[in-house]
Amino acid sequence: MSQLLRVQNFGVSSDGIAAGENQSFENPFGLDHGDMFAWAGATASWPNRTDPGGSRGLDDYFTRDFTHNIGAEIMGRNKFGPQRGPWTDHEWLGWWGDEPPFHTPVFVMTHHVRPSFTLGDTTFHFVNSDPATVLEQAREAAQGKDVRLGGGVTTIKEFLDADLVDTMHVAVSPVKYGRGLRLWESPDELRDRFHLDVVPSPSGVTHHVFWRK
């Protein structure tokens, strides 16, 4: 395959939950997600690190790999922002400030399109299409590089259901939420379509690496 659709560094709890049900502007994940992503923030390659240091090794490898050979990103509207329904505030341009971390074209899946805009070297496009059509657009924009499927959990499940995901890295943290938006009941649900390596890390997370059979 010349262009892969990749899920990278996607975090879930030990009971498979990736987000809560009550997303808001103040709480993008709808739950206290600090423990779920602490492994990435502790690495030397964490892009928001402002002080020297940080861990090396397995966790840092996955943090470094986040941008490798990525030419475009696909995300669901709920990853872009907490608004629902028709857009009422075009002035608010997402959670990432003037320099979003994507550095590629980003395709936001939504039933309510709005004009594209650019922040830094990231251009957001708002598309109302099925997963296969959006992936085709993203691959064209990626100019031969891979496409990252950024989430959230509902969007990833849509692409899994459409059998479009080629590789997936999920970091399972040793926290349990009990309720919320769940990626899986068990990662074994995906073994019919994917090979799976499960690699524990000294940080306490367990890295699940899937690749298409």
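## Two parallel strands

In this predicted model, strand β3 (residues 70-76) pairs with strand β7 (residues 146-151) in the parallel sense over five bridges, where two strands count as paired if DSSP finds at least two bridges between them. Helices (H or I, at least four residues) and strands (E, at least two) are DSSP runs, numbered from the N terminus.

Local features need pLDDT of at least 70 and side-chain atom pairs count only at pLDDT 80 or more, while totals for chains, interfaces and linings use all residues. Residues are numbered from 1 along each chain as its sequence is written, and side-chain values use heavy atoms, with hydrogens and water left out.

## The sheet

Strands β3 and β7 belong to an open sheet of nine strands, in the order β5-β6-β4-β3-β7-β1-β8-β11-β10, with mixed pairing. Because β5 (117-119) and β10 (194-200) stand at the edges with a single partner strand each, one side of each is left without a neighbour in the sheet. Neighbouring strands are turned by 20 degrees against each other on average, direction ignored; axes are lines fitted to C-alpha atoms, for helices over the stretch in contact, and angles run from 0 to 180 degrees between N-to-C directions.

## A helix across the sheet

Helix α5 (residues 153-161) lies across β1, β3, β4 (105-109), β7, β8 and β10, running at about 130 degrees to β7, with contact meaning heavy atoms within 4.5 Å. In α5, V153, T155, I156, F159 and L160 are buried, a word used for under 20% relative accessible area, with exposed meaning over 50% and partly exposed in between (1.4 Å probe, protein chains only). Seen down the axis of α5, the buried residues fall within an arc of 160 degrees, so they line one face of the helix; the arc is that of the directions from the helix axis to the C-beta atoms.

## Salt bridges

The model has 14 salt bridges, each a side-chain nitrogen of Lys or Arg within 4 Å of a carboxyl oxygen of Asp or Glu. One of them joins the side chains of R6 and D65 (3.7 Å, N to O). Since R6 lies in strand β1 and D65 in helix α2 (residues 58-65), the pair ties together parts that are 59 residues apart in sequence. R6 counts as buried at 7% relative accessibility, whereas D65 is partly exposed at 21%.

Another salt bridge links D60 and R64 (2.8 Å, N to O), which both lie in helix α2, four residues apart, about one turn of the helix.
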